[in-house]
Amino acid sequence: MKLNLRSVVLPPVLAVAFAALLCGLALLLSGANPFTAFGAMVAEVGEGTAAVDIINGGATYYLIALAVAIGFQMKLFNIGVEGQYRIAAVTAMIVGGAITLPPGLHALVIMLVAIVAGALYAAIPALLKAYRGVSEVISTIMLNAIALGVVAFLLKPDVFGELRANSLTTGELPESAHVPGIPLGAAGTIFGLGLLSVVAGVGYWVLMNRTRFGFELRASGESATAATAGGVNAKRMIIAAMLISGAIAGLTALPELLGRDHTFTQNFPQGYGFSGIAIALLGRNHAGGIAFGALLWAFLDRSALALDNIGVPKEIVTIMQGAIVLSVVVAYEIVRRMQLAAEQRRVGQQLGTTNGNGADRQPAATSAGGGAE
Amino acid sequence: MTTPTAAAEGGVGQPTGGACAVRLSGITKRFPGVVANSDVHLSVAPGEVHALCGENGAGKSTLMKILYGMQNPDEGTIEVNGEQVHFRSPSDAIRAGIGMVHQHFMLADNLTVLENVVLGAESLHGIGGKARARIAELAGRTGLNVSPDQPVEDLGVADRQRVEILKVLYRGAKIIILDEPTAVLVPQEVDELFETLRGMKEQGYTFLFISHKLDEVRDIADSVTVIRRGTTVGSADPKKISSRQLAEMMVGSELPSPETRDSTVTDRDVLVVEDVRLCSLGADRPVLDDISLTVRAGEVLGIAGVEGNGQTELVETIMGIRRADAGHIRLGGADLTGLGTLARREAGIGYVPEDRHRHGLLLTQSLWANRILGYQTRRPTAKGAWLDIEGAKADTRRIVEEFDVRTPGIEVAAAALSGGNQQKLVVGRELSGNPKLLIASHPTRGVDVGAQAVIWDQIRAARAAGLAVLLISADLDELIGLSDTIKVMLRGRLVADADPATVTPEQLGSAMTGAAGEGDEE
């Protein structure tokens, strides 16, 4: 357990510290005082709705990072979460605006539509990979580009779109589909569907650690050959992992859309998918680690505003995010290797001293003749 | 830096008087692993074949890596021809006249013999006529009788090995380390290799011959050093010591034997393979050509064959990892032909794969997680879609106990165990859940003698309890000792049967290479 704690907590802490050092240097080079900058970033959390914004942003990031992590567990790089969440969001909002249902049920149906749409869009690379061996990296990147086009098409006024306030939207959702938040007065409102992240996180942990499916997924990721010999059906795993990944990605935009915007606009933030990839890396595919990563990411996003206020280029935040991911990946790899070596040494030592067989170093049995000399 | 040309002049050994060609003193290597070298002493006289014996995992390879500059010793000194040396890399060792022929060949198949030999040593004689002349001159010494322009992929195993030897000679080696050179050869090829070695010894070359095959050691070696648990336990004159004494030095105790005599074969068919054919893309002949065999309850059916003759494919086809193009596979009356791997496992097949790292284990995961692999749908490791972690842990403890897996606990990663203990875990797992059939591919490859004994005992015990076993092994003694029936596989076909009670390894070797007429062993 002690070993475990060290291996889980130490790398990210070291990596964040190292990344902060790097960014401090970058700040110095750009002529700013790193301490003032970092101070402003931290102080920002107490300002206005910042804390709630961080929680809301973190919840969104958490969902999309989980989606990526499921693929990562079996070394499947679903770069396509970006396209999947946009397709899912726009489809869900169109369907949601078109139907009339009682409150609660309405939102539930929208969520279901988003899940199905995300999964279906992920099914394309999944089937291509399983049956044609097409690298999911290539196909999902291309599908991201296609998704942009499809969303733009769907938002056209003569298709499903509606022009409101100079921007194309899917139209306003009826009241029955709104999901109330948790109001904290002046501090802001936490999205109701933010709870979805908590549910998804717990579900993810249970799925990975307690179910046959999770075991097969991790086994496939660790050693495809051993998994095959152990009876894991590789094709089925690829398809299942991609579908689940797409389904979770499909939910990503809903906390914002159902809790605040009530419409999908052309300007809906892009890039959640790519942040999700970085956060999944940062959190090492671990439910808790990803939560930490998602909150950190949201904090950094938010602190960009603070930096702007004190005249520091806010792009420094992007540098910081990149530096953190890189440092974490490196730090984990180093710690992992050190640990394996330590464990091997420990096993060797314990066996050398404790088992009966190691102690039977009888004097060299027969040294018949001194042949070598 | 010494130029290699000094050594390349010809076959005559340097007149170094009484100095040893190689002397290792007090070599200690601490290593993240179970076996390290501690206080190893080894002296090799010039112009001799010196055998280094020890069980798998005793530390032979580490020691040779140290001598060849691939690893640095933590303590101790290395002397070559009387001078103390420090090797930082294999190129330092090569400059000092040491060459190594690895157990697994390091040749580029698509290049010719000449290209393979010259590759990386272009600075010696260029890549043109001079190099060709030098190779022609050296090729005679190694007994290599193929054109230097032939692609290596067309060569047999024995010739490839000679190309490897040629490579080290070309680089000026006078002291040649042969790492288990006979592991890949059939008995006849071993004899030819030994002829070559004797000839080269006459010309002044010194050999360090690593092996655990004692008869061969006694045949070829002038002196032998035994290594056990990472340290040298003594030297001996192979002419004066029996194989048994030598083996006891290696093991430090009594020897296990693969012998199974009392027949437990019943008339109940367990595995029936009928006319199975497997074709591969781009190959002119099928990988498996109408294979038919039957394994009965209580029977061990051994498959002998030079590696690469379809044994791996046969096993994978029976396991459902590959799909047969024709034929049927039945287990205890049920047709498995259309089923996947998991369903076949559930039907009662245990599978010890030939490469435990690639196919048998999840190396970074705990021992109990490895217990689940292949059993993720069954008790005691699962309940429906849920894993039963407590059940898996309890059963892992049982395996650790029954199969004598040496580990501090079941939470350690599989990678932290030694090869023998990993294999005991795999065999223990595959024998749990009352399988009807065990497919064991090279079940004791690369494991120490202790683990070998445990594995043999357990297979025998399961056989006595009515288990059918399909055994594939390159170790002919193991095959003959454990099997009730032996079939010989050559180029994807079962070409001969042999009776393990009467057949000798030499006869099997002939049948494996196709030298003997079909079926004449019967």
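In which sense do strand β21 and β22 of chain B pair, and over how many bridges? In this predicted model, strand β21(B) (residues 485-490) and β22(B) pair in the antiparallel sense, over five bridges.

**View 1. The β21-β22 pair of chain B.** Strand β21 covers residues 485-490 of chain B, and β22 covers 493-498. B:Leu490 stands opposite B:Arg493 of β22(B). Strands of a sheet pair through backbone hydrogen bonds, in either a parallel or an antiparallel arrangement.

**View 2. The six-stranded sheet of chain B.** The sheet is open, with its strands in the order β16-β19-β20-β13-β21-β22 and with mixed pairing. Strands β16 (349-352) and β22 (493-498) of chain B stand at the edges; each has a single partner strand, so one side of each has no neighbour in the sheet. From one strand to the next, the twist averages 20°.

**View 3. Helices lying across the sheet strands of chain B.** Helix α11 (residues 311-319) of chain B lies across β13 (300-304), β16, β19 (437-441), β20 (468-472) and β21 of chain B. Its direction is at about 145° to β16(B). Helix α16 (residues 419-430) of chain B lies across β16 and β19 of chain B, and runs at about 170° to β16(B).

**View 4. The β9-β10 hairpin of chain B.** Strand β9 (residues 223-228) of chain B runs antiparallel to β10(B), and five bridges join the two. B:Val226 has B:Gly234 as its bridge partner in β10(B). Two residues lie between the strands of the hairpin, in which B:Arg229 takes a positive phi near 45°. Six of the six residues of β10(B) (residues 231-236) are buried, so this strand is largely enclosed by the rest of the structure.

**View 5. Nonpolar cores.** The largest nonpolar core has 155 residues, of which A:Phe264 and B:Leu508 touch the most other members. Helix α3 (residues 50-73) of chain A gives the largest share of this core, 12 residues. Apart from this core lies another, of 49 residues, including B:Ala131, B:Leu166, B:Phe194 and B:Met249.

View 6. A:Ala119 lies in helix α5 (residues 105-132) of chain A. Its relative accessibility is 14%, so A:Ala119 counts as buried, the cut-off being under 20%. Not counting residues up to four places away in sequence, A:Ala119 touches A:Leu243, A:Gly246 and A:Ala247. A:Ala291 is 172 residues from A:Ala119 in sequence and 23 Å from it in space, C-alpha to C-alpha.

How values were computed: Residues numbered from 1 in each chain as written. Chains lettered and ligands numbered in written order. Predicted model: local features only at pLDDT ≥ 70, side-chain atom pairs only at ≥ 80, totals over all residues. Heavy atoms only, no water. Buried < 20%, exposed > 50% of the residue type's maximum accessible area, 1.4 Å probe, protein only. Helix = DSSP H or I, 4+ residues; strand = E, 2+ residues; numbered from the N terminus. Pairing = 2+ DSSP bridges. Core = buried A, V, L, I, M, F, W, Y, C linked by side-chain atoms within 4.5 Å. Contact = heavy atoms within 4.5 Å. Axes fitted to C-alpha atoms, helices over the stretch in contact; angles between N-to-C directions.
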